[in-house]
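Welcome! Have a look at the structure first.

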Amino acid sequence: MYALVLPSILYALTVSSRQVVASPDAAAAALVASSVGGLAVSQGNYIALTLAQALIGGVLFLLSAVFRLGFLANFLSKPILVGFVGGLALDILVSQVAKMLGVKIDSGGEFVDKVVGLVGGLSGVNVWSVLIAAGSLLILLVGRRIARAVPWALIVLILATIVVLLSGAESAGVSVLGKVEAGPPRLTWPLIDWGQWLAVIPSAIALTLVTMGEGLLVSRSYGERRGYATSPDRDLFAFGLGNLGAGVSGGFFVGSSTSRTAAMDQAGSRTQLPSLVTAVGTLLLLIFGTALLEDIPSPAIGAIVAVAVVPLLGIPDFIRLWRLDRFEFAIGAVCFLGAVFIGPIAGIVIAFVLAVINVTRRAANPPIDTLSSDGDPTHSLLGPADPGTLTAPGVVVIRLAAPLFFANSTAFAQAVTSAVSTTGARHVVLDMEAVTDVDVTGAEAWESMRAFLSARDVGLALSRVRPGILDRLHHLGLDTDVTVFDTNRAAIAALRTDADSRR
């Protein structure tokens with residue numbers, strides 16, 4: 001509740017999105033619980049570690065906004081997000097199932113330990129807990145089908161609390177929330193040593209990256225859908241202020257809530273006003289109504305959280321990935337298993353390694369086409385031809401449809417040398433229209449290609465070169481003795497004559 005007051009206000013007043021709701025969503029809660037829980041077991045002071053995690057995340061968001069690092073979110077592709085969040089959801093779901101059954105397990109332990117504890121405790125299932133959880137699930141699932149706009153979770157909490165008070169279920173072993181301190185959030189600071197600050201940095205980085213990827217994507221999609229512009233850097237700044245607010249006011253890491261954002265959009269909200277109203281309402285509850293929360297049964301809370309996190313398992317997304325792209329499915333599955341069995345921090349590392357592998361795999365095999373000429377001067381563009389054929393007598397035109405950089409430089413050089421060796425061309429024309437950059441490794445491959453061509457007295461020309469790339473080629477020293485043409489047809493017209501004269 002503290003995370004819904006000051007953080008929500010700071011975020012709502014600074015974000016560029018009119019609809020994205022910032023709150024302690026299920027994915028963030030799962031990562032906070034799984035990352036800080038283990039540290040708290042060994043180092044104690046769970047709350048202070050959580051506050052420190054939010055503060056570090058806030059600083060990381062602000063730095064990302066200042067240095068315009070929003071592009072990093074692009075590395076978290078759909079399969080990575082599905083797998084990573086799904087693994088966290090499964091980890092937290094086990095704890096909620098234990099609550100619904102009335103089984104005591106170490107919620108801060110490893111996934112396997114939780115499962116072993118749950119299975120081992122099945123003999124001690126509390127019947128009252130099961131009944132309360134079953135009734136809560138029934139109301140939540142049926143109620144959402146009847147009227148999605150109704151706050152069924154709130155209704156479940158009220159009804160379950162009434163049942164506990166009237167039946168005396170607490171004396172029968174049903175766990176309840178317990179005493180909740182009344183009063184508004186107070187400014188505070190985590191009193192922990194430097195070693196503990198350092199210990200929460202990896203999890204804060206993971207939370208920042210996940211929130212960045214999901215939050216910016218949701219913000220952009222709703223902005224495009226509703227016809228207004230969003231600013232990624234401003235959104236990162238808002239997340240930074242929100243998490244700093246959480247860290248100094250007793251909250252925990254704040255991310256974007258996709259489900260609440262969707263609900264607000266469906267209700268017709270087009271501003272951040274509902275977030276401000278929620279913050280005020282939560283503040284009033286903290287001041288005047290915390291006594292109402294003490295007897296909320298844990299099985300009902302477990303049922304509400306379970307219903308919230310089950311969609312995060314991403315089962316439909318995994319089925320779709322399996323159908324569309326097996327490699328993308330494998331990426332998601334590895335991230336899922338990594339987050340479950342190795343831990344959330346190792347999971348995010350695996351996610352980024354897989355992202356780099358995926359990007360490099362795709363970039364290492366760019367389209368490199370040999371172009372053909374139909375002899376019709378009214379056709380401005382050349383079409384692709386089979387490798388090993390001349391575009392025109394003595395001339396071969398090759399098009400690289402990607403930036404020339406370390407991942408594809410070898411493939412590019414091999415394509416050019418192979419085309420010359422196969423066709424016996426006297427001139428090579430590189431269509432540069434799709435080349436947007438050249439790095440140092442690409443420049444070395446270019447020089448190697450030039451040496452090959454020079455040894456065989458084959459000329460090199462460029463066509464359709466972007467102005468910025470021409471400057472880049474000059475800076476790298478790659479434009480020496482190279483003729484530049486405006487179009488492929490102009491290059492063919494000029495070089496065909498020269499090729500004929502060499503025969």
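**Exercise 1.** Find which residues of helix H9 are buried.

*Solution.* Keep in mind that this is a predicted model. Start with the cut-off: a residue is buried when its relative accessible area is under 20%. In H9, the residues that pass are Asp233, Asp235, Leu236, Ala238, Phe239, Gly240, Gly242, Asn243, Gly245, Ala246 and Gly247. Next, locate the helix: H9 covers residues 232-248, which makes 17 residues. Its first and last C-alpha lie 25 Å apart, close to the 24 Å expected at 1.5 Å a residue. Finally, step just past the end of H9, where Gly250 has a positive phi of about 85°.

**Exercise 2.** Decide whether Leu166 is buried or exposed, and find the patch it belongs to.

*Solution.* Then apply the cut-off: exposed means over 50% relative accessible area. Leu166 has 73%, so this residue is exposed. Now look around it on the surface: Leu166 forms a nonpolar patch with Leu154, Ile158, Leu159, Ile162 and Leu165. Together these six side chains' residues have about 600 Å² of accessible area.

**Exercise 3.** Describe the protein as a whole: how many helices and strands does it have?

*Solution.* Count the elements: there are 19 helices and eight strands. Turn to burial: 47% of the 503 residues count as buried. Last, consider contacts between residues at least 6 apart in sequence: 79% of them join residues at least 24 apart.

Note on methods
Residues are numbered from 1 along each chain as its sequence is written. This is a predicted model: local features need pLDDT of at least 70, side-chain atom pairs count only at pLDDT 80 or more; totals for chains, interfaces and linings use all residues. Side-chain values use heavy atoms; hydrogens and water are left out. Helices (H or I, at least four residues) and strands (E, at least two) are DSSP runs, numbered from the N terminus. The expected span of a helix is 1.5 Å times one less than its number of residues. Buried means under 20% relative accessible area, exposed over 50%, partly exposed in between (1.4 Å probe, protein chains only). Patches are made of residues with over 30% relative accessible area and no salt bridge: like charges are joined within 9 Å, nonpolar side chains (Val, Leu, Ile, Met, Phe, Trp, Tyr) within 5 Å. Accessible areas come from the Shrake-Rupley method with a 1.4 Å probe; for residues, only the protein chains shown count as cover. A salt bridge is a side-chain nitrogen of Lys or Arg within 4 Å of a carboxyl oxygen of Asp or Glu. Contact means heavy atoms within 4.5 Å.
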